[in-house]
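I opened this notebook to keep a record of what I looked up, entry by entry. The sequence and the coordinates come before my notes.

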Amino acid sequence: MSAKRAGGTRATVALERAAVPFRLWSYRVDYQAVADYGKAVAEALGVEPARLFKTLVAFADDRPLVGLVPADARLSVKSLARVMGVRRVRLASPQEARRLTGYVPGGISPFGQRRRMPVLVDESALDHRSIWVSAGKRGLQIEIDPAELVRFLEARTASISTG
């Protein structure tokens, strides 16, 4: 059965086309009712927050990029600036993130984005056999080998999280 007929997203379709192994997990969390959506999703899935990665859009000297950090951490703009060799990094607004990725906040996947951007993954992802990232809509997560994620996205790994 194709991903489209199974209710697939651009993210799952991209992974299936490239024959990248992954598993889908669904969950229920009211996006508006929780203060920390990432931790709430991890709890709903029964996953350690350190294994569930948030997909964030940022600008490094006005160039967009994607950063993946654990749900129990924050993106360190200082570390990201150092890694990118730029002076200034800022997080994208929800509107900017939606325009660049084609996904709604809370459902931004690193896969199948509208615009191809450099991707940086916090190096802690490689400490795990598998990690979870958004499948492109709220209520759906992809479990994937972090090495496969890095390879498929041609991502860089670095220490980019704090807290």
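The entries below go from model confidence to the sheet, its helix, and a few single residues.

**Entry 1, the model.** I am working with a predicted model, in which local features need pLDDT of at least 70 and side-chain atom pairs count only at pLDDT 80 or more, while totals for chains, interfaces and linings use all residues. Residues are numbered from 1 along each chain as its sequence is written, and side-chain values use heavy atoms, with hydrogens and water left out. I looked up pLDDT (the predictor's confidence in each residue, from 0 to 100) and found a mean of 93 for the protein chain, with 96% of its residues at 70 or more. Over residues 1–6 pLDDT stays under 50, and for this stretch the model has 7 contacts (heavy atoms within 4.5 Å) beyond four places in sequence.

**Entry 2, the sheet.** I took helices (H or I, at least four residues) and strands (E, at least two) as DSSP runs, numbered from the N terminus; two strands pair if DSSP finds at least two bridges between them. I noted an open sheet of 3 strands in the order β1-β8-β7, with antiparallel pairing. Its edge strands are β1 (23–26) and β7 (131–137), each of which pairs on one side only. From one strand to the next the twist averages 35°, where axes are lines fitted to C-alpha atoms, for helices over the stretch in contact, and angles run from 0 to 180 degrees between N-to-C directions.

Between β7 and β8 I found 5 bridges; valine 133 stands opposite isoleucine 142 in β8, and tryptophan 132 has glutamate 143 in β8 as its bridge partner. The hairpin of these strands has 2 residues between them, and glycine 139 there takes a positive phi near 95°.

I used buried for under 20% relative accessible area, exposed for over 50%, and partly exposed for what lies in between (1.4 Å probe, protein chains only). In β7, 6 of the 7 residues are buried.

Is glutamine 141 buried or exposed? Glutamine 141, which is found in β8 (residues 140–144), counts as buried because its relative accessible area is 4%. A polar atom of its side chain lies 3.4 Å from the backbone nitrogen of valine 133. Leaving out residues up to four places away in sequence, I listed the residues that glutamine 141 touches, among them Arg23, Trp25, Tyr27, Leu52 and Trp132.

I recorded Ala11, Thr12, Val13 and Leu15 as the buried residues of α1, and what covers them includes β1, β7, β8 and α5. Just after α1, alanine 19 takes a positive phi of about 60°.

Arginine 151 has its place in α5 (residues 146–153) and is partly exposed, because its relative accessible area is 48%.

Technical notes: A polar contact is a pair of N or O atoms within 3.5 Å; within protein, one must be able to donate a hydrogen and the other to accept it, and residues adjacent in sequence count only if both atoms are side-chain atoms.
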